[in-house]
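Here is a friendly walk through a protein model for someone meeting it for the very first time. Please have a look at the sequence and the structure, and then read on.

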Amino acid sequence: MSRDLMTILRGVLPHEIVAVGEQLLQAGIYQIEVPLNSPNALQSIANLQKSLGNHASVGASNVLSVANVKAVQTHGGQFIVSPNCNIDVIKATKGMDMMSYPGVFTPTECLAALTSGADLLKLFPAFLLGVNGFKATQSVLPSNAQCYAVGGIGG
């Protein structure tokens, strides 16, 4: 069982999401991300949090604005995944005591996100960096910076 895996439940409807979440928990996946561009995403987040919140970490992705951050928090979300390095989103997320996982690609974006309080960096699309690019980017970051490859990384 790994707490390092995060699943993305894109397109799952609110009345289906708890059953899917329960299956994920049984498979050892405890971090569940619902993209805000999914149908009724905020209701799905609320349903997951109400049913599985004691056993899973539930959050949202495709978070583009501070208003989105507030809505996710209101519905019980615990983390925010944004597709970009939006400093306002990062700071709002941290100000609401949630975890911030911004999308970054360059070392400049990585360092700006970390300086703004990001908890983890989502290098996206990682397939463009490849393994060597991923390692090179990590080499210029603080040693405690957590980086995840998203969008395939290949060899």
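Which residues does Ser-100 touch, not counting residues up to four places away in sequence? Ser-100 touches Ile-80, Ile-90, Thr-93, Lys-94, Ala-118, Asp-119 and Leu-120, where contact means heavy atoms within 4.5 Å. Several of these names will come back below.

Before going further, a word on the model. This is a predicted model, in which local features need pLDDT of at least 70 and side-chain atom pairs count only at pLDDT 80 or more, while totals for chains, interfaces and linings use all residues. Residues are numbered from 1 along each chain as its sequence is written, and side-chain values use heavy atoms, with hydrogens and water left out.

**The strands**

Helices (H or I, at least four residues) and strands (E, at least two) are DSSP runs, numbered from the N terminus. Two strands pair if DSSP finds at least two bridges between them.

| Strands | Bridges | Direction |
|---|---|---|
| β2 and β3 | five | parallel |
| β3 and β4 | two | parallel |
| β4 and β5 | four | parallel |

Some individual partners can be picked out. Ile-32 stands opposite Val-58 in β3. Ala-60 has Ile-80 in β4 as its bridge partner, and Ile-80 in turn is paired with Ser-100 in β5.

How does the chain get from one strand to the next? From β2 it passes through α2 to β3, in a right-handed β-α-β crossover. Right-handed here means that, with the strands pointing away from the viewer, the path from the first strand over the helix to the second runs clockwise. β3, α3 and β4 also make a right-handed β-α-β unit, and the chain then crosses from β4 through α4 to β5, again in a right-handed crossover.

Now for how covered the strands are. Buried means under 20% relative accessible area, exposed over 50%, and partly exposed in between (1.4 Å probe, protein chains only). In β2, seven of its seven residues are buried. Strand β4 (residues 79-82) has Phe-79 and Val-81 pointing one way and Ile-80 and Ser-82 the other way, and all are buried. In a regular strand the side chains alternate between the two faces of the sheet. Ser-100, in strand β5, counts as buried because its relative accessibility is 2%.

**The cores**

A nonpolar core is a set of buried Ala, Val, Leu, Ile, Met, Phe, Trp, Tyr and Cys residues joined through side-chain atoms within 4.5 Å. Which members of the largest nonpolar core touch the most other members? Of its 25 residues, they are Ile-17, Ile-32, Leu-48, Val-69 and Ile-80. At least two residues of this core come from each of α1 (14-26), β2 (29-35), α2 (41-52), β3 (57-61), α3 (66-74) and α4 (87-95). A second, separate core has 13 residues, including Cys-85, Ala-118, Leu-129 and Phe-134.

Leaving aside neighbours within four places in sequence, Ile-80 is in contact with residues including Ala-60, Val-69, Val-89, Met-98 and Tyr-101. Val-69 sits in helix α3 and is buried, with a relative accessible area of 0%. Beyond four places in sequence, Val-69 touches Val-63, Ile-80, Val-89, Ala-92, Thr-93, Met-96 and Met-98.

**A charged pair**

The structure holds one salt bridge, that is, a side-chain nitrogen of Lys or Arg within 4 Å of a carboxyl oxygen of Asp or Glu. Asp-119 forms it with Lys-94, and the closest N and O atoms are 2.9 Å apart. Asp-119 lies in the loop between α5 (107-115) and β6 and Lys-94 in helix α4, so the pair ties together parts that are 25 residues apart in sequence. Asp-119 is partly exposed at 26% relative accessible area, and Lys-94 is partly exposed at 29%.

Most residues other than glycine have a negative phi, and most peptide bonds are trans. Asn-62, in the loop between β3 and α3, has a positive phi near 60° and is partly exposed, with a relative accessible area of 27%. Asp-97 is found in the loop between α4 and β5; its phi is positive as well, at about 60°, and at 73% relative accessibility Asp-97 counts as exposed. Finally, a cis peptide bond joins Phe-124 and Pro-125, with omega about -10°. Pro-125 belongs to the loop between β6 (121-123) and α6 (126-139).
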